[in-house]
Amino acid sequence: MTEKELCQKATEMLDMAYIPYSRFPVGAALECSDGTVYTGCNIENAAYGLTICAERTAIFKAVSEGHRDFVRLAIAGRSEDYCVPCGSCRQVMMEFAPELEVICLNGKGEAKRFALRELLPYGFDRSWL
Ligand code: THU
């Protein structure tokens with residue numbers, strides 16, 4: 001899949017976001033090393049702390065289907081700013097894919113690319129245990 005197609009899938013997921021509280025939709029599309037793509041959206045809850053981010057939705061869907069080897073993750077938002085992943089999502093990405101490429105999109109569809117290691121320097125992983 002091209003980067004453009006992956007970003008398109010993340011953007012399509014904005015419409016699936018369950019966001020009655022924040023009204024802030026996020027969509028994600030995660031590409032596995034074998035080319036499989038898992039998508040996700042944010043899913044909020046009246047008990048706010050139970051909200052799950054779009055990125056973790058996609059990652060947990062993938063892991064629960066037997067995929068753990070991820071190469072790229074596109075994250076879409078509708079804001080002027082690029083939609084960057086929260087700290088918890090960065091940590092979950094680090095668990096499975098320290099070399100992940102993270103593509104952050106703004107509402108215009110413009111992309112900014114990061115290496116996960118730039119977003120989470122000195123990230124905690126199994127090597128510290
Ligand atoms: N959100 C995500 O889905 N991903 C992030 O990395 C940042 C935050 C969601 C959670 C919540 O539903 C809304 O954005 C506002 O915080």
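Where is threonine 57 found? Threonine 57 sits in helix H2, where helices (H or I, at least four residues) and strands (E, at least two) are DSSP runs, numbered from the N terminus. Before we go on, please note that this is a predicted model, in which local features need pLDDT of at least 70 and side-chain atom pairs count only at pLDDT 80 or more, while totals for chains, interfaces and linings use all residues. Residues are numbered from 1 along each chain as its sequence is written, and side-chain values use heavy atoms, with hydrogens and water left out.

Let us stay with threonine 57 for a moment. Its relative accessibility is 12%, so threonine 57 counts as buried; buried means under 20% relative accessible area, exposed over 50%, and partly exposed in between (1.4 Å probe, protein chains only). A polar atom of the threonine 57 side chain lies 2.9 Å from the backbone oxygen of cysteine 53. A polar contact here is a pair of N or O atoms within 3.5 Å; within protein, one must be able to donate a hydrogen and the other to accept it, and residues adjacent in sequence count only if both atoms are side-chain atoms.

Cysteine 53 also leads us to the ligand, as one of the residues around it. Others in that group include Ser22, Phe24, Asn42, Glu55 and Cys86, where a residue is near a molecule if one of its heavy atoms lies within 4 Å of it. Asparagine 42 places a polar side-chain atom 2.9 Å from a ligand oxygen, and glutamate 55 has a side-chain N or O atom 2.7 Å from a ligand oxygen. With cysteine 86 the backbone takes part: one of its polar atoms is 2.8 Å from an oxygen atom of the ligand.

Phenylalanine 24, also around the ligand, belongs to the loop between H1 and S1. At 40% relative accessibility, phenylalanine 24 is partly exposed. Arginine 23 is found in that loop between H1 and S1 too, and is exposed, with a relative accessible area of 63%. Its backbone deserves a look: most residues other than glycine have a negative phi. Arginine 23, however, has a positive phi near 55°. Tyrosine 122, in the segment after helix H4 (116-119), likewise has a positive phi, of about 55°, although it is not a glycine.

Now for the aromatic rings. The structure holds two aromatic pairs. In one of them, tyrosine 21 and tyrosine 48 are tilted, at 5.5 Å centre to centre and 50° between the planes. Rings of Phe, Tyr and Trp (its six-membered ring) pair if their centres lie within 6.5 Å, and planes under 30 degrees apart count as stacked, over 60 as edge-to-face and the rest as tilted. Tyrosine 21 lies in the loop between H1 and strand S1 (27-32) and tyrosine 48 in the loop between strand S2 (37-41) and helix H2 (54-64), so the pair ties together parts 27 residues apart in sequence. Tyrosine 21 is partly exposed at 40%, whereas tyrosine 48 is exposed at 59%.

Our last stop is the largest pocket. Its lining comprises 13 residues, with Cys7, Gln8, Thr11, Leu105 and Gly109 nearest its centre. A pocket is an open set of points on a 1 Å grid over the protein atoms alone where a 1.4 Å probe fits, with protein on both sides within 12 Å along at least five of seven lines; lining residues have an atom within 4 Å of a point. Helix H1 (residues 3-12) gives the most to this lining, with five residues.
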